[in-house]
Amino acid sequence: MRIRARGVSKGFARGEALVSKSKISFLGDVDAKSGVIVDRKSDIYGESVANKVLVFPSGKGSTVGTYVLLQLKKNGVAPLAIINERTEVIIAVGAIIAEIPLVDMPEVNVFEILKSGDIVTVNATEGWIEVE
């Protein structure tokens with residue numbers, strides 16, 4: 001199934017989805033060294049974002065989150081790609097500088113279709129998501 005979406009940070013990735021219905025702040029919610037979600041209130045607490053297609057509604061602030069995304073990339077524990085319902089500027093800039101493909105505004109509700117463990121392809125250059 002191919003889903004159209006808006007490409008925000010160009011690129012292409014394919015991998016296992018990690019789906020959260022919670023907003024994420026990369027400053028405080030994600031450990032920059034390990035890529036593990038450390039926010040105990042998160043529905044994906046204890047999971048690693050490393051080498052996953054991270055799916056979440058939107059960011060929830062802190063401009064430093066941009067640099068945490070870059071640090072995740074430098075540490076080799078960044079997401080392969082990001083899918084948001086609506087991307088906030090902090091997540092968009094972080095994905096762009098870390099060269100992480102990012103799409104948002106999918107034409108359907110991805111939370112009704114995707115679940116953690118699904119294999120997903122993200123083509124942020126052309127603006128689509130494909131679920132296997």
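**Cores, a helix and positive phi**

Author: This is a predicted model. Start with α3, where Ile-90, Ile-91, Ala-92, Gly-94, Ala-95 and Ala-98 are buried.

Reader: How should I read the spacing of residues along a helix?

Author: An α-helix has 3.6 residues a turn, so residues three or four places apart point the same way. In this model, what covers the buried residues of α3 includes β2 (6–9), α1 (26–29), β4, α2, β5 (81–84) and β6 (102–104).

Reader: Which residues have the most contacts inside the largest nonpolar core?

Author: They are Phe-26, Leu-54 and Leu-72, in a core of 22 residues. At least two residues of this core come from each of β4 (53–56), α2 (65–74) and α3 (89–98). The biggest contribution is from α3, with four residues. A second, separate core has 18 residues, including Ile-3, Ala-5, Val-55 and Ile-129.

Reader: What does Leu-54 touch, leaving aside its neighbours within four places in sequence?

Author: Its contacts include Leu-18, Ile-24, Phe-26, Ile-44 and Val-49. Pro-79, Ala-81, Ile-82 and Ile-83 are also in contact with Leu-54.

Reader: How do I read a positive phi?

Author: Most residues other than glycine have a negative phi. Here Asn-51, not a glycine, has a positive phi of about 55 degrees. Asn-51 sits in the loop between α1 and β4. Met-105 also has a positive phi, of about 55 degrees, and lies in the loop between β6 and β7 (119–123). Glu-99, which follows α3, has a positive phi near 55 degrees.

Reader: How accessible are Asn-51 and Met-105?

Author: Asn-51 has a relative accessible area of 47%, so it counts as partly exposed. Met-105, at 36%, is partly exposed too.

Notes
Residues are numbered from 1 along each chain as its sequence is written. This is a predicted model: local features need pLDDT of at least 70, side-chain atom pairs count only at pLDDT 80 or more; totals for chains, interfaces and linings use all residues. Side-chain values use heavy atoms; hydrogens and water are left out. A nonpolar core is a set of buried Ala, Val, Leu, Ile, Met, Phe, Trp, Tyr and Cys residues joined through side-chain atoms within 4.5 Å. Buried means under 20% relative accessible area, exposed over 50%, partly exposed in between (1.4 Å probe, protein chains only). Contact means heavy atoms within 4.5 Å.
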